[in-house]
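My entries are below the display.

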Amino acid sequence: GFGQLDLTYTNDFFITNNQFGIINTGTYGFPAFGIQATNTSNGTYASNFVWQNNIGGNFVSCKYDRILAGNRFENSQKEGVIFNNCINGIFEGNWLNNNGILTTNTYNHMRWQACNRCTIANNQGFDWSGGTNTQKYGCSLESNCLNMIIKGNSFAPSPNGYATAAWLFDATMPSTTNATDGALRFSSGNTIAAATT
């Protein structure tokens, strides 16, 4: 269950210009996480290459962390990055490629759960596999995410982008607490439940 980089209760740190990946997966398998961070605060991640892990990055109960400036999260068997119960975090200017390799239409580039006051800005998502390992969503916001700021993100369109859609906004998200730059395009499914915005 460990990552290649594991941080717990770590504060005021800088992780820059590293590679967290593995070449020989046939012999050693996939590491559980490229980066595993729990209860960190005021950290900065910049220009890291996180590749060929089960999950690229897993951030749990982190506060004020900045994941900036050209980190690459790619070739993950499952999600590229997961954020769970994070507060005041910034995920900006990152590159996500070919995540969700294990099972088509199941995993996402980014997954946000129960996060509050986080910014998701100017990130790029691609899939160069021709759709053979297509992510389900480019970014999913789930489980009561609140006060999120979402702007300037770009995700490659289908057929080699996302099996379902570039974005998922879960029905548990209050519509009045989140802000975007007006650049979101999406279409609903066949039915929308009553009292759902």
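The entries go from the whole chain to single residues.

**Entry 1. Ground rules.** I am working with a predicted model, where local features need pLDDT of at least 70, side-chain atom pairs count only at pLDDT 80 or more, and totals for chains, interfaces and linings use all residues. Residues are numbered from 1 along each chain as its sequence is written, and side-chain values use heavy atoms, with hydrogens and water left out.

**Entry 2. Whole chain.** I looked up the secondary structure and got 1 helix and 20 strands. Both are DSSP runs numbered from the N terminus, helices being H or I with at least four residues and strands E with at least two. The protein has 197 residues, and 46% of them count as buried. Buried means under 20% relative accessible area, exposed means over 50%, and partly exposed is in between (1.4 Å probe, protein chains only). I noted an accessible surface of about 9300 Å², with 51% of it on carbon and sulfur atoms. That area comes from the Shrake-Rupley method with a 1.4 Å probe. Among contacts with a separation of 6 or more, 69% are between residues 24 or more positions apart; contact means heavy atoms within 4.5 Å.

Entry 3. I traced an open sheet of 7 strands, in the order E2-E5-E8-E11-E14-E17-E20, with parallel pairing. Its edge strands, E2 (14–16) and E20 (179–180), each pair on one side only. Two strands pair if DSSP finds at least two bridges between them. Within this sheet, E11 (residues 90–92) is joined to E14 (residues 119–121) by 3 bridges, and Phe91 has Ile120 as its bridge partner in E14.

I then traced an open sheet of 6 strands, ordered E3-E6-E9-E12-E15-E18 and also parallel in its pairing. Here the edge strands are E3 (19–20) and E18 (154–155), each pairing on one side only. E3 is joined to E6 (residues 49–51) by 2 bridges, the two running parallel, and Phe20 stands opposite Val50 in E6.

**Entry 4. Strand E16.** How many of the 8 residues of strand E16 are buried? I found 7 in E16 (residues 135–142), so the strand is largely enclosed by the rest of the structure. E16 pairs in the parallel sense with E13 (residues 110–113) over 4 bridges, where Arg111 stands opposite Ser140 in E16. E16 is also joined to E19 (residues 162–169) by 5 bridges, again parallel, and the partner of Tyr137 in E19 is Ala165.

**Entry 5. Rings.** My search of the whole structure gave 11 aromatic pairs. Rings of Phe, Tyr and Trp (its six-membered ring) pair if their centres lie within 6.5 Å; planes under 30 degrees apart count as stacked, over 60 as edge-to-face and the rest as tilted. The pair Trp95 and Phe126 is tilted because the planes stand at 40°, with the centres 4.9 Å apart. Trp95 lies in E12 (residues 95–97) and Phe126 in E15 (residues 124–126), so this pair ties together parts that are 31 residues apart in sequence. Trp95 is partly exposed at 37% relative accessible area, and Phe126 is partly exposed at 30%.

Trp167 and Phe169 make a stacked pair, 5.6 Å centre to centre with 10° between the planes. Trp167 is buried at 12%, whereas Phe169 is partly exposed at 30%. I also noted a cluster that ring pairs build from Phe13, Tyr45, Phe59, Phe73, Phe83, Phe91 and Trp112.

Arg72 lies over the face of Phe49, 3.9 Å from the ring centre. For this, NZ of Lys or CZ of Arg must be within 6 Å of the ring centre and within 35 degrees of the ring normal.

**Entry 6. Ala37.** I picked Ala37, which is in E4 (residues 33–38) and is buried at 0% relative accessible area. Beyond its neighbours within four places in sequence, Ala37 contacts Leu7, Tyr45, Asn58, Phe59, Val60 and Cys62. Ala37 and Asn58 are 21 residues apart in sequence and 6.2 Å apart from C-alpha to C-alpha.

**Entry 7. Cysteines.** How many disulfides does a search of the whole structure find? I got 0, a disulfide being a pair of cysteine sulfur atoms within 2.5 Å. The sulfur of Cys139 has its closest cysteine sulfur in Cys145, at 8.5 Å, too far for a bond. For Cys145 the closest is in Cys115, at 5.1 Å, also too far for a bond. Cys139 is buried at 0% relative accessibility, and Cys145 is buried at 0%.
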